[in-house]
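Here's a quick briefing on the structure below. Have a look at it first, then go through the notes.

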Amino acid sequence: MPLKLVRRHNSPNYYIRGSVKGMRIDESTGVDREKAAREILTLREAELIKESIHGPAAVRTFADAVSSYVMANGEVTHLSPLVHHFGSTKLARIGQEQIDAAARKLGDGKSPATINRQIYTPMAAVLNHAARMNWCAKPIIARPEQPEGRVRWISHDEADALIEAAAPHLRALVVFLLSTGARLAEALYLDWRDVDLDARRVVFVKTKNGERRSVTLHERVVRELRATSHRSGAVFRKPDGCGYADRGGAGGGQVKTAWKTMCRRAEITDFSPHDCRHTWATWHYRANRDLTALQTLGGWKSVDMVMRYAHANRDEHAAGIDRLWGKGGEPSTMAA
C-alpha cells in the first residue's frame, strides 16, 4: 500500500500511513498543514527507499541512535551537548575525525580526563549501541592521551586542622568526604532518605558510573550528622539552609569560596574537595591493604584505577624490604 496522508480524530496533525518496499509505517508528520505534510511524506518515502537499498546505516542519524540508546536504559549524562552538536548527522558520516572535531569544540578549556568522560565515553556508548542495532559498523575510537592521575592526600592531623577551620555549614561535609571517599557531587546531592544513622549506612544513588553504592559510616560521621538540625531533604546545605543545586555532577563551584577560606585558616595548600577522596583511599589502603575492598567502596571500575593508592603508600613497605637481609643487612654466618 503506497504512503498516504491521514487524519486522526485526537490529533490536529497529519499522519503518514502505508508501506514502501515491504516496510510499513504509521507515524505523525508533526504538522497540521497539508502542503507541509506532503513535503514530509515525499522526503520520508525517499528515505525508506534509500534504506531498502543501502540498509539502515544509510539513513539512521545520531539522534536516532541516542533515542534508541536511552530507551534501552543507557546513561543519559553528557548526551545533550552531543545531540545538539551531531543532531541529524547520519551515523555513516560520524568517524574519528568528526568525534575529534566535536571534542575540540565542546571540550574547549577542559582537561583531557573531562573531555574523555564527557565526549569520547558517551559517543562510544551510543555508537556501540547503534552497531548492535546494525545501524552502523562497530566503532573504533582513539581517545586522547591521559596524564598520570594526581594523588594529593593529607595526614590525620592535617585533616583535624581542616575540620576545625571549616565554616559551620561545611564541617559535616568535610568529615563526610574524608570518611566515605564520596565524590563531592555524590555528597552535595545526598538525600536523608538514603542515610541510616542507626545502621551507620549511606547509599549513593547518583554516582559517576551510574551504579548505586553503599558505604558504612564511621562513628565520627554519625556524630557530625546527628548534630545537624534537619532529617529530611538534602543532607548538606548552604548557609541559608537550602540544598545545593543539582548541576549534573559538577558541584565544586558551590563550595569554592568556603573551601578556600577553610584551607587558608588551616594553612593547607593545594587541596581540593576531590583530594578528600584521594585522602580517604590512601588511608583505607594503609589501614587494610585490600585493593578489592577499596575498589568496591570507592566505586571504581577496575583495580587498576586504585593501584595509585598502593603506590602512594610505598614507604610503608620499607620494613619488609629491610627484612630481606636481616635487621642490619650484614651477611649471616652459618655453621659448616
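Cys 263 is buried, at 6% relative accessible area (buried means under 20%, exposed over 50%, partly exposed in between, using a 1.4 Å probe and protein chains only). Bear in mind that this is a predicted model, where local features need pLDDT of at least 70, side-chain atom pairs count only at pLDDT 80 or more, and totals for chains, interfaces and linings use all residues. Residues are numbered from 1 along each chain as its sequence is written, and side-chain values use heavy atoms, with hydrogens and water left out.

**Cysteines**
- The structure has zero disulfides, a disulfide being a pair of cysteine sulfur atoms within 2.5 Å.
- For Cys 263, the nearest cysteine sulfur belongs to Cys 276, 8.2 Å away.
- Cys 276 is buried too, with 0% relative accessibility.

- The axes of α7 (residues 168–180) and α11 (residues 275–288) come within 6 Å and cross at roughly 45 degrees. Axes are lines fitted to C-alpha atoms over the stretch in contact, with angles running from 0 to 180 degrees between N-to-C directions; helices are DSSP runs of H or I, at least four residues, and strands are runs of E, at least two, numbered from the N terminus.

**Hairpin**
- β2 (residues 11–20) and β3 (residues 23–28) run antiparallel, joined by six bridges; strands pair if DSSP finds at least two bridges between them.
- Arg 17 has Asp 26 of β3 as its bridge partner.
- Two residues separate the strands of this hairpin, and Lys 21 in the turn has a positive phi of about 55 degrees.
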